[in-house]
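Please keep the sequence and the structure in view while reading.

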Amino acid sequence: MVLHSLCSAPVNSLLTPRVTSGVSAALSSVNDSYVESARDAGCSWRDVLCRIILPLTYKDVIVSATFILMGQVGAFTIPYLTGPNNPKMLGILLYQQTGTYMNYERAAALSVLMFLICLGGAIVYIRSNMKEEVWETGK
């Protein structure tokens, strides 16, 4: 139990505050007058969220989601310590395929799958940054 707490402390202390502060800073940057104007015009809370808040904060939410995705894909210690009865993460499955079962072909296929998952997150992140750069330069 103590080892589990020591191993999870660095992950939680680095990832959670960064994501929380990023999303809260993005939400606090939304001007209250935009929300009040939409509510005065008769927009529901769903319309305010979809038409005002999300377009103004989507870039910060995508950055935070990328941090979470990469942190969870790279997580190895905590799922390894929780034991064999818990759901397997890709890193643990790769370790078992190479270390225990000596099944290098399956491990190679799983590592390609892990790469594609990370590539998808990176593409979403880069495209969101490219949209803003194109918008700022006008090209």
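## A nonpolar surface patch

Which residues form a nonpolar patch on the surface? In this predicted model, the patch consists of Val112, Phe115, Leu116, Leu119 and Ile123, with about 450 Å² of accessible area together. Accessible areas come from the Shrake-Rupley method with a 1.4 Å probe, and for residues only the protein chains shown count as cover.

Phe115 lies in helix α6, where helices are DSSP runs (H or I) of at least four residues, numbered from the N terminus. Phe115 counts as exposed because its relative accessibility is 51% (exposed is over 50%, buried under 20%, partly exposed in between; 1.4 Å probe, protein chains only).

## The largest nonpolar core

Val73, Leu94, Ala107, Leu110, Met114 and Cys118 make up the largest nonpolar core, a set of buried Ala, Val, Leu, Ile, Met, Phe, Trp, Tyr and Cys residues joined through side-chain atoms within 4.5 Å. Helix α6 (residues 104-137) gives the most to this core, four residues.

## Confidence and conventions

The mean pLDDT (the predictor's confidence in each residue, from 0 to 100) is 81, and 83% of residues reach 70 or more.

Residues are numbered from 1 along each chain as its sequence is written. Local features need pLDDT of at least 70, side-chain atom pairs count only at pLDDT 80 or more, totals for chains, interfaces and linings use all residues, and side-chain values use heavy atoms, leaving out hydrogens and water.

Key. Helices (H or I, at least four residues) and strands (E, at least two) are DSSP runs, numbered from the N terminus. Patches are made of residues with over 30% relative accessible area and no salt bridge: like charges are joined within 9 Å, nonpolar side chains (Val, Leu, Ile, Met, Phe, Trp, Tyr) within 5 Å. A salt bridge is a side-chain nitrogen of Lys or Arg within 4 Å of a carboxyl oxygen of Asp or Glu.
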